[in-house]
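Here are some questions about how the terms used for a protein model follow from its numbers. Each answer sets a value against a definition.

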Amino acid sequence: MDTPAAVQTGHPRRWVILGVLVISLLVVVLDNTVLNVALRTIADPVRGLGATQSQLEWAINSYTLVFAGLLFTAGILADRLGRRITLITGLALFGIASLTSAYADSAGQLIAARALMGLGAAAVMPATLSIIANVFAPHERGRAIGVWAGAVGLGVAIGPIVGGLLLEHFWWGSVFLINVPIVAAGIVLGLVIIPESRDPKPGRIDVVGVLLSIVGIGLLTYGVIKGGEDGFGYTLAWSTLAASVVVLIGFVLWERRIAYPSLDVRLFTNKTFAASTGMIGLIFFAAMGAMFFGAFYLQLVRGYGPLASGALFVPFAVAQMVFAPRSAAMVKRFGPKAVSTTGLLLVAAGLTAWLFIDATTPIWIVGAAFFVMGVGMANVMPPATETIMAALPREKAGVGSAVSNTIRQLGGALGVATLGAVLSSVYRDQLGSATDGLPAAAAGAARESISGAYAVAEKAGAAGPALIHGANDSFVTAMHYASIGSVIVALLGAVVAVLWLPGKRPAAAPAASSAEGLAEEQGVELVEA
């Protein structure tokens, strides 16, 4: 149990602990973006595993499915069993799965190992944020979460660079093997430096609620994945999504009626908590969808290699590192409403730039667009995450972290799936006669994706250049349509911030009575963080 002094001042080694948590977080976030640049190599039958397009998708999706489905459960278990032991266990699983992935002999083995990595990541991610909530006092927590959010942005952005460097000098498995020494360092430092903490009065475990959350979130994630692959009109996609809604409604009804809920769903009746949760989902929907089509644009339309294309994400990382730790000071000065709204408008502005980017646009404009997006996200994620964490008492920090991370993961997956579906649909419609004269199988592959068109063009002889030109034009048009969708979602997030986030509190107003008060009080306390 924390003493009153500890609650007010935080753990004496809190900033060192934060550094260890950032290392643990980076390896999880970085790995998922590292894989994206290795997909073409893994698909190569000589240099890789000869994986099919479907197998490549499931190498990513198996991780996402397990990760998102178990995040909430992992947060609950961390509160009960101990946050440090949950973090260490998650890192160990992640390291073992990374080693297995690196030396996989088939695409099936890689998919299974990636699912195990998702299990490890589900334990690591909520534990890092809940430990922050327990070792930092309320007045420093906003700044610490800003550093945490900056680390997420850094991992997303530097993953392609790390992957590109490794692939230029080593075999494809190196993108997974690099995780092992980092994980080992995180485990050792975690055991030595991070204190154990848990809910001192966990009460009865809500078995039914936990199972409903796993099934509901798992079905929702799978439905989103299938919708992105096959279209949301496909029977398996919409039926799975419909089933997930039924199960999640059952989860809400169950949580409302029991005395020991895993998640107090009444928190969502608080406008500040609900708005912050919604903004996280919306901003990751928009940003991850844009990064998805941006990666294809850079590597195929512009012809950049993995390293060069990854370098263009650096401005996004720099913006996150510089501005996220300062977001708490901005909130104190201007209030959550002004800071979050401005951040979301900046994200929308960065995404709007993609409407004017084509095959010959000066590449610095792409870097500038990523930088503006990074600045915007750096001023949305920390205050939104802090509001969610502040709405719950310290002993329930794992649950708060799980809510934040689950919404983030689902928002990103839905963004990739939905905007990816728009991208594919418009690409096929725009390709027109570019595949005329090709054999049926080749034409089908070229119409499936721009990657398929490039693969066909390599073997099409004199018809290759015309097919590449048509595929590039079709993809750029499709990218513009997808960009419109991402801009609309970012603007919707800005509307949510304007309508439901609190403004700056008058200087004469009294401080919140407790660091662990109700969500409304904590939303106001954030202004003082």
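Q: What makes residues 508-529 a stretch to treat with care?
A: pLDDT, the predictor's confidence in each residue from 0 to 100, stays under 50 over residues 508-529. The model still has 52 contacts there beyond four places in sequence, where contact means heavy atoms within 4.5 Å. Where pLDDT is low, the predicted coordinates should not be read in detail.

Q: How do you know what the protein scores as a whole?
A: The average pLDDT is 82, and 91% of the residues score at least 70. Helices are DSSP runs of H or I with at least four residues, and strands are runs of E with at least two, numbered from the N terminus.

This is a predicted model: local features need pLDDT of at least 70, side-chain atom pairs count only at pLDDT 80 or more, and totals for chains, interfaces and linings use all residues. Residues are numbered from 1 along each chain as its sequence is written, and side-chain values use heavy atoms, leaving out hydrogens and water.

Q: Why is Ala123 called buried?
A: Buried means under 20% relative accessible area, exposed means over 50%, and partly exposed lies in between (1.4 Å probe, protein chains only). Ala123 has 13% relative accessibility, so it counts as buried. Ala123 lies in helix α5 (residues 107-135) and touches Ala74, Thr86 and Gly90, not counting residues up to four places away in sequence.

Q: What makes α5 largely enclosed by the rest of the structure?
A: Of the 29 residues of α5, 22 are buried, so the helix is largely enclosed.

Q: How do you know that the span of α5 is close to the expected one?
A: The expected span is 1.5 Å times one less than the number of residues. For α5, with 29 residues, 42 Å is expected, and the helix reaches 42 Å from its first C-alpha to its last.

Q: Is Thr73 buried or exposed, and why?
A: The relative accessible area of Thr73 is 11%, so Thr73 is buried. Thr73 is found in helix α3 and touches Val210, Ser213 and Ile214, not counting residues up to four places away in sequence.

Q: Why is Leu77 called partly exposed?
A: Its relative accessible area is 34%, so Leu77 falls in the partly exposed range. Leu77 also has its place in helix α3.
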